[in-house]
Amino acid sequence: MPEMKTRWDIFCTVVDNFGDIGVTWRLARQLVTEHGLAVRLWVDDLRAFERLCPEIDIDAVQQWQHDVDVRQWPAEWQPTEAADVVIAAFACQLPSAYMDAMVEREKPPLWMNLDYLSAEDWVIGCHGLPSVKYKSVQKFFFFPGFQKGTGGLLRERGLLERRRQFQQDLQAQREFLQGMGIDPAPGAQLISLFAYENSGLASWLDAMAGDSTATHLLVPEGRILGDVERWLGVQGLAAGAVHVRDALTVQVLPFVRQDQYDRLLWCCDFNAVRGEDSFVRAQWAGRPFLWHIYRQEEDIHLDKLEAFLELYVKGLSAPAREAISGLWRAWNAGEKIADHWQLTRKHWPELEKHAEAWCQEQALQADLATALVQFYGNWI
Ligand code: TRH
C-alpha cells in the first residue's frame, strides 16, 4: 500500500502587496518538493497570486500548481476535512467551520501561526510557545528569524550553490539579462529597485546621475514608479521604458516570477528591496542591499529596522557600519540619501565581503520549511 503523505493546509489572506502570498507560495512548494508532503494552499486573492505565478487560473476553485493543491478560499466556506498540520499565515483567521473540523479529527492537528519576520530579541523567547486554544486544539507560535532559537528563513535546498554558479557564469548572466531586454553598458553598475513610495528617491537618482561611474537601474513595475516619473519628468512609465539622464540609465521591468526575480538580484551589484520576502532574497544574493521596511502603525517598524541593523552590522568596521546604517535609516525616513550613498560607496569592498559572510552565517541555521517539519516531528 502506498504510504499516506502527511497533509498540510496553509491559509493565506492577502492583506496588501505580495509578501503574504510570496512567502506562503514559496513555503508550499518547498514542503512539497523537498519534504514530500501533500500541501493545500488556501488563498483569498488569486489576482495577487497571478502576479507571481502567471499560469494561475484566477477563477478556478481548485487547481494544481507545481504539485501544490491551490484552493480559492471562498467567502462561503464549504465543509472540508482538516489536515494533519494547519498553518495560519500571518495571524489570519481560519474559517470557523474549518476550526470545528480540526476539533472533530480523531487526533487534533498541529495548528501553527506563521508570524511575520522580525529580528527583535523577544522573538526567540516566543518561538514555539503555545498560543490560544480552540476547544481541544492548541495553536502554537512559529516565528521566522535570524538567530538561533527562531524558525529561521525560507531557503530552498541548493539555493546558494545555484546562486554561486550563476554569479560565476558571466555568459549565463548576460543571457538572462538579454532575455529580459537588459543590456547594460560595459562597466556600468547594476542596481535593482523594489520599494514603496519614497520621497528620498530623487536625491539618490541625482547622485547616480552625477556619478563618475555609470549606473543601470532596474525598476520592476510597482509603487515606486510615481517617484521615478516625477524625477524623470515623464508620465505613464511602464515595463520596457528606458530613460537616460547623464550617468544614470533607468529601465522599467515587468514583474517577473520569483525565480527570475532571484536571478535578477544575483546579477545586480546592489539591490533595493522591501517588505519581507524580497528582503530575505537579497540576503541570499550575497550582495550589499538596502531595505525599505513595511510601514506599521506607531512606527513600530522602526524598532524592527534597528533590531535587524544591530545584527547585520556586527563585524563591520565602525565607518562602514555608520555608512550603511545611515543609508538605511535615511531611506526609511524618506530623507535625502545622496550623502549616505556616497559614503556607502567608499566602503564598497568591505560591504560586499560582509554581505557574503552574512549570507553564509544565515545559511548555518535550518531553513524555515525544515524547521516547521522538525517542529511537527517533535510534536507528534
Ligand atoms: O510586496 P511586499 O511589500 O509585501 C509586504 C511585506 O511582506 C510586508 O511584511 C507585509 O506585511 C505586507 O506585504 C502585507 O514585499 P515582499 O515581502 O518582498 O514581497 C514581494 C514578493 O514579490 C516576493 O515574494 C518577491 C516577489 N517578486 C517577484 O516575484 N517578482 C518581481 O518582479 C518582484 C519585484 C517581486
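A pocket is an open set of points on a 1 Å grid over the protein atoms alone, with protein on both sides within 12 Å along at least five of seven lines, and a molecule sits in a pocket if more than half of its atoms lie within 2 Å of its grid points. In this structure the ligand sits in the largest pocket. The model is predicted, so local features need pLDDT of at least 70 and side-chain atom pairs count only at pLDDT 80 or more, whereas totals for chains, interfaces and linings use all residues. Residues are numbered from 1 along each chain as its sequence is written, and side-chain values use heavy atoms, with hydrogens and water left out.

The ligand is surrounded by 22 residues, each with a heavy atom within 4 Å of it, and Asp16, Tyr196, Val256, Asp277 and Ser278 are the closest. Both domain 1 (7-154 + 366-379) and domain 2 (159-362) give residues to this shell, so the ligand lies between them.

Three polar contacts, pairs of N or O atoms within 3.5 Å, are listed here.

| Residue | Atom of the residue | Distance to a ligand oxygen atom |
|---|---|---|
| Gly19 | backbone N or O | 2.9 Å |
| Gln258 | side-chain N or O | 2.9 Å |
| Glu276 | backbone N or O | 2.8 Å |

Note on methods:
Polar contact = N/O pair within 3.5 Å; in protein donor to acceptor, adjacent residues only side chain to side chain. 1 Å grid on protein atoms, 1.4 Å probe; cavity = no way out; pocket = protein on both sides within 12 Å on 5 of 7 lines; lining within 4 Å. Domains from an automatic or database assignment.
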